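Reader: Could you walk me through a few of the terms used for this structure? I would like to see each one set against its definition.

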Amino acid sequence: MPFFSQAKTFEELWPDIRSRLNDVVDDGKYSHGRQVALFEAALARWTGARYAVGVNSGTDALVLLLRACGLEPGDEVIVPAFTFVASASAVVLAGGRPVFADIDPVGYGLDPRSAARAVTPRTRMIMPVHLFHQMADMSGLSVVAHRHGLTVVEDSAEAIGMRWGGVHAGLLGAGGVLSFFPTKTLGAIGDAGAVLTDDPELAERISALRHHGRYGRTLAHFPGISNRTVDNGVNSKMDDIQAAVLLAKLTRLDQDIARRAELAAAYTQRLSGIPGVLRLPTLVPRDTDTNPVHYVYVIEAEHRDDLAGYLAEHGVGTETYYPVPLHLQACFAELGYRRGDFPHAEAACERTLALPFHPDLTIDDIDSVCGIVRRFFTGRPV
């Protein structure tokens, strides 16, 4: 059983996808064209954002957002030590310096108290990362940001559908990003991403930066190649093939999110009480209404690596999120952090394991995975 598959979903959506791909071919515009414009408008409606700007990856979305927010060389950005490396490497690529802080050990989001201790005179931004199935503590982090005059930039790459007090993830600060990597809740068939923001000036600058810094109309407008260039931008245009696939999949996103909730509940019911399973996904109480959206199903377990190996021996794919905390990654060695600096992040890296999770799974699949987990820890079948 693979960790991820979208074969069944893709087969069901193929008539719609094929029609949209035919439109791409008929248009003869394969990048930054009409399908991208349609997807941006649909995504903005779905999330409630004033602006959705499509780019070629979630990582580029974060780099361009940081640049558009005014990050200057040497400016510091507070980032959790437990997240995908792109959260921090994007800061470096945008010219800044990541400063790490610890996480909430239950929700895995950036801990406001640790973040507050990380603030220095050079700190300019704070980056909440919304992981797995719920948002970071945006109330607490907003207090820290307001107290120190920091810009909030959300790494909401995993968080499509998550909302805080009715506001979609990525729209509680200056802006946020989405990733459409194939495994994501809304996944393309390759790399793609987007920036969400309610700020018209920010949206305009990101739209320019993604297309070599050219201002004015460029989307689906070939003559825009001669537009004035004000900023040193990059080539991060979204491909129309990805936009076409995403438009088709967006029509069933609510259905997929509901299915993910059903599968997560089935996992939780079957894994509860198994010795050695230390923690199941838990929704942290907040001071406002929030809703979980299960991107992956992550447990904490004793002997995590042995469990992953045992599952692999029985044909079950898993993923480890994340085996090395960012402050101990070789690429950030010059920052001078040491083991023990962020104990909650380090503990999560040693214990977390993601089980197979996608809408094409069946309850029988869940039963099979949970039976193998139970046999690993108890030697007894379900």
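Author: Gladly! This is a predicted model, where local features need pLDDT of at least 70 and side-chain atom pairs count only at pLDDT 80 or more, while totals for chains, interfaces and linings use all residues. Residues are numbered from 1 along each chain as its sequence is written, and side-chain values use heavy atoms, without hydrogens and water.

Reader: What makes helix 2 and helix 8 a packed pair, and at what angle?

Author: Helix 2 (residues 34-47) and helix 8 (residues 240-250) pack at about 35°, with axes 8 Å apart. Axes are lines fitted to C-alpha atoms over the stretch in contact, and angles run from 0 to 180 degrees between N-to-C directions. The contact (heavy atoms within 4.5 Å) includes Phe 39 and Trp 46 of helix 2 and Leu 247 of helix 8.

Reader: How do the residues of that contact divide?

Author: Into eleven nonpolar, one polar and two charged. Ala, Val, Leu, Ile, Met, Phe, Trp, Tyr, Cys and Pro count as nonpolar, Asp, Glu, Lys and Arg as charged, and the others, Gly among them, as polar.

Reader: Why are strand 6 and strand 11 called paired?

Author: Pairing takes at least two DSSP bridges between two strands. Strand 6 (residues 163-164) and strand 11 have two bridges, in the antiparallel sense, so they pair. Trp 164 has Thr 290 of strand 11 as its bridge partner.

Reader: Which residues of helix 7 are buried?

Author: Leu 202, Ala 203, Ile 206, Ala 208 and Leu 209 are buried, so each has under 20% relative accessible area (1.4 Å probe, protein chains only).

Methods
Buried means under 20% relative accessible area, exposed over 50%, partly exposed in between (1.4 Å probe, protein chains only). Helices (H or I, at least four residues) and strands (E, at least two) are DSSP runs, numbered from the N terminus.
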